[in-house]
Amino acid sequence: METTRSISLEYHDIEICLDKNIYLEKEDYEMEIEYKSEYPGEVVDNFRRLGIDVNKEVHGKFSRFMYAKNESIAKVLKRDK
C-alpha cells in the first residue's frame, strides 16, 4: 500500500489532511482530521451543520486494504475451481 498525504489546513491544534491511497490496483481518498490537543466541540457542531455524521462508523485505509485483498483472493480461488 502506498499513501501520499497532503496537509490541506493547519488551524490552532487541528490538522486537516487528504490522503491518496493506492493498493491492489485500487485508488481511494480519505480526509483525516488530526487533533493535537483536546477535541474541540465547535468543530463537531460545524460538521453537523454541514450534514456530516460524526458518529458514523468508518473503515480506515488498512481495513479497506484488507477487504480488497480478501476480495481478490476469493476471486482467484473461485476462478481456479
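L24 counts as partly exposed because its relative accessibility is 40% (buried means under 20% relative accessible area, exposed over 50%, partly exposed in between, with a 1.4 Å probe and protein chains only). The model is predicted; local features need pLDDT of at least 70, side-chain atom pairs count only at pLDDT 80 or more, and totals for chains, interfaces and linings use all residues. Residues are numbered from 1 along each chain as its sequence is written, and side-chain values use heavy atoms, with hydrogens and water left out.

L24 lies in the loop between β2 and β3 (strands are DSSP runs of E, at least two residues, and helices are runs of H or I, at least four, numbered from the N terminus). Its phi is near 45°, a positive value in a residue other than glycine. E25 lies in the loop between β2 and β3 and, although not a glycine, has a positive phi of about 65°. With 85% relative accessibility, E25 counts as exposed.

## Helix α1

In α1, residues 41-49, the buried residues are V43, V44 and F47. These residues cover an arc of only 100° around the axis, which puts them on the same side of α1 (the arc is that of the directions from the helix axis to the C-beta atoms). E42 and R49 are exposed on the other side of α1.

The buried residues of α1 pack against β2 (14-23) and β3 (26-35), where contact means heavy atoms within 4.5 Å. G51, with a positive phi near 85°, follows α1.

## Strand β3

M31 is found in strand β3. Its relative accessibility is 54%, so M31 counts as exposed.
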